[in-house]
Amino acid sequence: MTDQTPSLTCDEIRDLAAPFVLGALADGEAEAMRAHIASCPELHAELVDFASVLPILAASAPVVEPPAGLKARLLAAAAADPARAGGEAESPAATVAPAPVVPVPAAPIVPAAPIAFPSAPEREERRVPRSSSPGTWLLRIAAVLAIGLLGGWNVLLQGQLGEARTYEQSVAAVLDTASQRGALAAILRPSEGHGEGLAAVAADGSVALAMRDLAPTAGSTVYQAWVIASDGVPRPLGSFTVGGNGTAYFEANGSPVEASLILAVTREPRTGAQTPTLPIVSSGTATTEG
Amino acid sequence: MSETPTPLRLRVATVADDADRSVLIRVSNGELIALDELYERYKTMAYSIAYRITNDATLAEDVVQEAFLGAWRNAERYIEGRGSVKTWLLSIVHHRAIDAVRRRRPTTELPEFEALPPPALRAPDVWSEVAAGLDAVEVRAALGALSDVQREAIELAYFSGLTQQEIAERTGTPLGTVKSRMRLGLLAMRKVMTMNDGTSMTGQEAEPR
């Protein structure tokens with residue numbers, strides 16, 4: 001079975017239908033199946049019948065809720081996705097503008113009437129061609145962070161809303177810096193589950209950083225921000241403490257300015273560290289483009 | 001999800017699918033909010049399956065993130081098709097999870113084009129009917145139709161990611177017997193589902209569970 005030729009007969013397809021649907025074919029066999037199905041005039045209804053069982057199988061898996069942070073990581077990755085960079089965000093301003101005060105409904109209401117599925121030309125018409133301007137990209141990031149905020153919103157008690165608002169204001173401050181001409185921006189992602197944020201480096205070397213979901217500091221412990229330029233040497237930007245709400249806003253000067261910089265945050269036993277204590281808590285690459 | 005006056009499985013599925021597709025169109029336009037909606041709808045289904053297959057929280061997270069990133073990248077391609085969005089996502093998550101356990105390492109790059117179900121599998125609406133109308137009773141009934149050896153073969157394939165050859169070796173069973181257990185098992189489940197068709201709908205879309 002390991003030396004499958006790319007062409008299978010319809011009889012062989014029937015023989016392999018059940019394992020194919022269940023994902024139990026070796027790669028080459030599965031490829032051969034797909035090639036056959038794509039070109040075979042016969043419908044192979046049995047494949048459809050078998051496949052219709054899969055949702056039942058899937059539903060037999062015990063329900064496990066994904067961790068809350070996964071959505072923010074997904075959306076940040078999507079926003080920074082090179083395969084979609086420069087893609088068009090349809091009216092990004094409208095996406096960002098509403099203050100994220102009301103939780104997004106988990107399951108939007110099903111429309112009363114079926115929506116007519118638009119034809120390809122109609123969809124094309126709806127698309128708004130848009131070049132990859134930093135502005136669009138920034139709005140996307142702002143959307144991500146706003147959404148990331150919303151992700152945790154459902155579990156936030158009313159008393160914790162202040163924390164989210166604080167972070168929102170920090171993000172706005174960073175975006176101010178990021179929107180300056182020649183500025184770089186980065187999404188910082190946690191290395192081990194906690195500590196995400198947004199940073200901007202202006203053309204004059206000033207840095208703004210907004211972080212959330214950081215473990216609080218205590219005693220002499222601080223978080224320290226670092227910038228790593230093309231020489232690969234981490235330069236300390238300064239340190240900051242984090243209170244019980246896990247958010248922080250930090251500004252510094254004197255960053256080198258290059259086309260691409262890495263920004264990182266570490267946890268240090270005290271201020272003044274000249275080399276980072278590993279592991280890096282959160283990091284991201286600052287560029288002028290998505 | 002919402003009350004639908006028509007107590008027909010097909011009707012419910014169609015409406016749910018239309019809502020899904022309208023979300024997917026917005027995803028294809030690069031709207032992160034729409035990706036957020038899609039994620040909210042199917043995160044539990046996706047993560048449950050990924051976790052069941054990988055039995056590893058980190059790997060399951062990778063699988064789910066990659067699957068939704070795949071949807072983000074390929075929504076444009078997908079909406080040309082006619083199948084249900086839920087089933088499409090289900091198949092992406094399944095493929096990726098199986099891939100992950102076979103390699104036992106997180107895949108770091110996405111293939112250029114996400115594995116779509118072959119056209120023949122997407123063609124009829126029977127998938128979306130089934131996907132939209134699942135309830136616990138139906139699931140139990142369908143699984144109850146399996147003999148022990150059929151269930152073993154099917155679970156080793158679908159959830160453990162073993163190939164049919166590996167299942168034959170693991171269970172000390174000839175390959176032909178493994179194939180026929182899978183085949184007869186799927187047919188038995190399908191038969192139960194067909195019997196239930198049109199008799200168990202309440203007009204509410206069931207959650208993945």
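Which residue of E8(A) does Ala264(A) stand opposite? In this predicted model, in which local features need pLDDT of at least 70, side-chain atom pairs count only at pLDDT 80 or more, and totals for chains, interfaces and linings use all residues, Ala264(A) stands opposite Ser283(A) in E8(A). Residues are numbered from 1 along each chain as its sequence is written, chains are lettered from A and ligands numbered from 1 in the order in which they are written, and side-chain values use heavy atoms, with hydrogens and water left out.

Strand E7 (residues 261-268) and strand E8 (residues 282-286) of chain A pair in the antiparallel sense over five bridges, where pairing requires that DSSP finds at least two bridges between two strands, and where helices (H or I, at least four residues) and strands (E, at least two) are DSSP runs numbered from the N terminus. Both strands belong to an open sheet of eight strands in chain A, ordered E5-E4-E7-E8-E1-E2-E3-E6 with antiparallel pairing. The edge strands, each pairing on one side only, are E5 (234-240) and E6 (248-252) of chain A.

Between the chains, the axes of helix H5 (residues 69-79) of chain A and helix H2 (residues 32-54) of chain B come within 11 Å and cross at roughly 135 degrees, the axes being lines fitted to C-alpha atoms over the stretch in contact, with angles from 0 to 180 degrees between N-to-C directions. H5(A) is therefore oblique to H2(B), a class left after angles under 35 degrees (roughly parallel), over 145 (roughly antiparallel) and 65 to 115 (roughly perpendicular) are assigned. The contact (heavy atoms within 4.5 Å) involves residues including Leu70(A) and Lys71(A) of H5(A) and Asp36(B) and Tyr39(B) of H2(B).
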